[in-house]
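Please read them with the structure open.

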Amino acid sequence: MNQPTIIDFLRHGEARGGSYYRGVTDDPLTERGWRQMYSQCGEGQWDTVISSPLRRCRSFAAAWCEQQQLELLIEPAWCEIDFGAWEGQTAEQISNRWPDALSAFYEDPVKFTPPGAESYQTFAARVRQGWERLLAAHAGRRVLVVTHAGVIRALFAQAFNLPVTQSFHIDLPHACLTRFTSFDDDNGRFVQLNFHKPG
């Protein structure tokens, strides 16, 4: 068996602007968000750091890399899903403007796409391609990926053959750290969940 690849996925900390549908809306971290991420990373040791291009991920990843003297890789595949017309809207605002749309999305995101949004199929394919590229480029290394809740849920669904709606039930608070280990041998690839640690 080859050396396993250890991939830690860190969800960004709290972002400015409060609670609303923040897919590609590029809000910065709050001071609390910065503290959450530093606290979660602690004495973490990684060979490579990869980040979503959005500021709530990239700003921390850049600061961490500077501190640890590591190169930062920006990878658009790890960007959150684009919610289209729902961007910057609260659940209440969405429900008022598009009655029943939220329930339709959560019941079957593969079939229901918000107005002007990235489809779930496109998003999931993008995340899957990012995962494949990561494993090909960083095999046998320890990698930190600074990303978003939707991305990590999509990875759970793909790695463990979960229905997409089941992945929505996975709690992913700010600065949650999730470790997957990927093993490749003669029988193919085996992916293991090592821990899922809230901030």
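Predicted model: local features only at pLDDT ≥ 70, side-chain atom pairs only at ≥ 80, totals over all residues.

1. In which sense do strand E2 and strand E4 pair, and over how many bridges? They pair in the parallel sense, over 4 bridges. Strand E2 covers residues 48–51, and strand E4 covers residues 142–147.

2. Now the whole sheet. It is open and has 6 strands, in the order E3-E2-E4-E1-E5-E6. The pairing is mixed. Strand E3 (72–74) and strand E6 (188–197) stand at the edges. Each has a single partner strand, so one side of each is left without a neighbour in the sheet. On average, neighbouring strands are turned by 20 degrees against each other, direction ignored.

3. Helix H1 (residues 31–41) packs on this sheet. The strands that H1 touches are E1 (5–11), E4, E5 (177–185) and E6. The direction of H1 makes about 155 degrees with that of E1.

4. Helix H2 spans residues 55–68. H2 lies across E1, E2, E3 and E4. Against E2, helix H2 runs at about 160 degrees.

5. E1 and E5 pair in the antiparallel sense, over 6 bridges. Within that pair, isoleucine 7 has phenylalanine 180 of E5 as its bridge partner. E5 is also antiparallel to E6, and 9 bridges join these two strands. There, threonine 178 is the bridge partner of histidine 196 in E6. How many residues lie between E5 and E6 in their hairpin? The hairpin has 2 residues between the strands.

6. Next, the largest pocket. Its volume is about 620 Å³. The lining has 25 residues. Those closest to the pocket centre are Arg11, Tyr20, Glu80, Ala149 and Arg153. By class, the lining has 12 nonpolar, 7 polar and 6 charged residues.

7. Which helix gives the most to that lining? Helix H6 does, with 4 residues. Helix H4 (101–107), helix H5 (120–137) and helix H6 (149–159) each supply at least two lining residues.

8. Two places to check on screen. For the sheet, start at the edge strands E3 and E6, each with its single partner. For the pocket, start from the residues closest to its centre, including Arg11 and Arg153.

How values were computed. Residues numbered from 1 in each chain as written. Heavy atoms only, no water. Pairing = 2+ DSSP bridges. Axes fitted to C-alpha atoms, helices over the stretch in contact; angles between N-to-C directions. Contact = heavy atoms within 4.5 Å. 1 Å grid on protein atoms, 1.4 Å probe; cavity = no way out; pocket = protein on both sides within 12 Å on 5 of 7 lines; lining within 4 Å. Points joined across faces, edges and corners; volume = space filled by probe spheres on them. Nonpolar A, V, L, I, M, F, W, Y, C, P; charged D, E, K, R; others polar.
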